[in-house]
Amino acid sequence: MTSAAFSYSDLRGWIHEAERIGKLKRVAGAHWDKEIGCISELMAERDTSALLFDEIPGYPKGFRVLSNAFIDLKTTGLVLGAAEDLSRVEMVDAWRQRLKAVTPLCSVDVGVGPVTEHVLTGPEADLLRFPAPLWHEKDAGRFLGTGCAVVTKDLDDGWVNVGTYRCRVVDHNRITVAANPGKHGTDMMRKYHAQGKPFPVAIVCGMDPLVFLSAGHPYTGSGECAYDFAGGLRGSPIEVVEGATTGLPVPASAELVIEGEIPPPPKLEMVQDGPFGEWKRSYSSGTHPVMEVKSIMHRKDPIILGVAPLKAHIPFPFSIPVMASEVWNVLEHAGIPGVTGVWFGLGLIWPVFLVISIKQSYAGQAKQAALAAASCRANTVGGMYVVVVDDDIDITNEKDVLLAVAARATIEDIQVLHGMITKAPMGPGSRRHRAAGENRQLLSNRVLIDACWPFARRDEFPVSTAFDQAYAHQVLEKWRGSLL
Ligand SMILES: Cc1cc2nc3c(=O)[nH]c(=O)nc-3n(C[C@H](O)[C@H](O)[C@H](O)COP(=O)(O)O)c2cc1C
C-alpha cells in the first residue's frame, strides 16, 4: 500500500465501489425519526454492508443518508486504498507504511464543482430541507453533522483547519458545532471572539472518505490542513471551491455544505447539544456554540454521510483503528524494536485501550513501548490504558488480551501516570476532567500495563497449550464432516 491505489475520488465513487464488491445495501422508505438509526444498529450486528437510505418520508427522493459505511474490513480497505485480502493487523501495518510515505499536497481551487449546483441563501438556506436522522432514541435532536468536516480559518496566519465535530440541528437556521477544548476549531473561535468578530464556519456533510478520515483523526498538527494531508494520501490535490458566504475552501465534490457564523459575545449562544448516544453506549452532552446559517450549497440529490456511534460500530468509525498505525510509526521512530502489532480497543471498548504486541529481546522493552505510546500525539484521543503483550497474543481479540493481563501481569506491572494531555473528555478515574489554564486543556491519567512474560525469566516460560496450527487444521478437516 505504498503507492496510491484509490478507485474513487468522491463519496459517490466510493459508494459505486462498495456496491461493486457487494458491500452496499439500498434501503427505501425508512424514517429519519429513529428508524434509520435503529436499522443501522440492527444491521451492523448482523451484516457489515454500508446502507444507503433513500425515499426518506417527508423528503424528495434522492435526498439520501449513508450509514455503516466503513464498518467492513473491505469497505475500510476501499477508503485506505488497501489490498482486499489483508487481516486487520496487516491492514494497520499497511496503512502505517502509507502514512510514512505521505507528502502533503496543497488543495487547488477549481472555481466551481458539483457542490455549487444548488446555492441557497436567505430563508431558502433551511436546514430542515435535509433528512438529518434522529440517530438514537433519546438524542436531543437531529444531527446533520456526524461524519462531517468542519472548515475554519485561523485569524492570525490564515491556515485552514478541517476537523470532525458533531453538529445538531437547532432549528431552520441554527446548528451546534461541538468542537471540544483543545481542538483547533475551538482555539480559532476564541481568537475571533477575543476581537469581537463573528467566527466563519463551513460544515461539510458528505465528502471524499479520505477527507473525512483526515478531518476526524489527529494526523495533522497546528498550521497543517487536513485537505493537504488527504491530497498527499491520494496522490493528487483535493479540489476545492470557495464557500458561497464564508469564502472558506470546501471540497468541490462535497454533497452538502452549510455555512454561517458563530457570533461573538454577547450574542454568542452556548447550548447543551446532547443528549447524544455515544460509543460508550451511554448518552453524552456538552455545552457548545450555535452557528447562525447564512447559506447552504449542495449537489443534486445530496448524500449525507452519517457516522453516528452505534454499539456495533467498534472500532469506530472504520473497521480498523486507523490511529493505531500512527502510534506504530511513533514506536518505530522512537527506536523500539520488535513491535508486531498495535490496536486500539478491547472488544467493544473503544478507544480507551491501546494494545501493543512485541517480540521481547531485552528487559524493560515493554515499559519503553508503553511510555512512548502513552505520551505521543497519536494517542491523545484515547489510549488511557496502554497494554503491552507478547507477540503470541491476538491483540484484536479481547479475550486473549485480558488473558495476558490476568496471567502475565502482576500489580507491580501496572503503573499510573497522572496529568497526561488528552483531547477526549473521557478517561479512567474521577480525575479525567481536570482542566487547567485559560483554554481549559483536558488532562487525563494513563494506566500502563506490562502484560508480557518477565524477560529475565524467559527460560521459565510455561509451554503454551495451544495445538500446533497445522496439526489442528488437519484434525479439523478430518472430522469436519461428522462433527460440524
Ligand atoms: C466520527 C467522528 C466524530 C467526532 N466527533 C467529535 C466531536 O464532536 N467533537 C470533537 O471535538 N472531536 C470529535 N472528533 C475527533 C476530532 O475530529 C479529531 O480529534 C480531529 O483530529 C480534530 O482535529 P482538530 O483539532 O485539528 O480540529 C470526532 C472524530 C470522528 C472520527
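**Loops and backbone angles**

Mentor: The scale counts C-beta atoms, placed from the backbone, within 10 Å of a residue's own: 20 or more others is buried, 12 or fewer is exposed, and in between is partly exposed. This is a predicted model: local features need pLDDT of at least 70, side-chain atom pairs count only at pLDDT 80 or more, and totals for chains, interfaces and linings use all residues. Residue numbers run from 1 along each chain as its sequence is written.

Now the angle. Arginine 281 is not glycine, yet its phi is positive, near 65°. It sits in the loop between S16 and strand S17 (283-284). Strands here are DSSP runs of E, at least two residues; helices are runs of H or I, at least four; both are numbered from the N terminus.

Aspartate 301 also has a positive phi, near 55°, and is likewise not glycine. Its loop runs between strand S18 (287-298) and S19. Aspartate 301 counts as partly exposed, since 14 other C-beta atoms lie within 10 Å.

Next, the cis bonds. Glycine 274 joins proline 275 through a cis peptide bond, with omega near 5°. Proline 275 lies in the loop between strand S15 (270-272) and strand S16 (276-277). The bond from isoleucine 314 to proline 315 is cis too, with omega about 0°. Proline 315 is in the loop from strand S19 (303-305) to helix H8 (323-333).

Now step back to the domains. Domain 1 covers 11-305 and domain 2 covers 323-460; such bounds come from an automatic or database domain assignment. Their C-alpha centres are 30 Å apart. Across the boundary, 16 residues of domain 1 contact 22 of domain 2. A contact means C-beta atoms, placed from the backbone, within 7 Å. Helix H4 (residues 88-101) gives the largest share of domain 1's side, seven residues.

Last, confidence. The mean pLDDT is 93, and 95% of the residues reach 70 or more. pLDDT is the predictor's confidence in each residue, from 0 to 100. Residues 429-439 fall below 50; beyond near neighbours in sequence, this stretch makes 15 contacts in the model. Where pLDDT is low, predicted coordinates should not be read in detail.

Conventions. Two residues are in contact if their C-beta atoms, placed from the backbone, lie within 7 Å.
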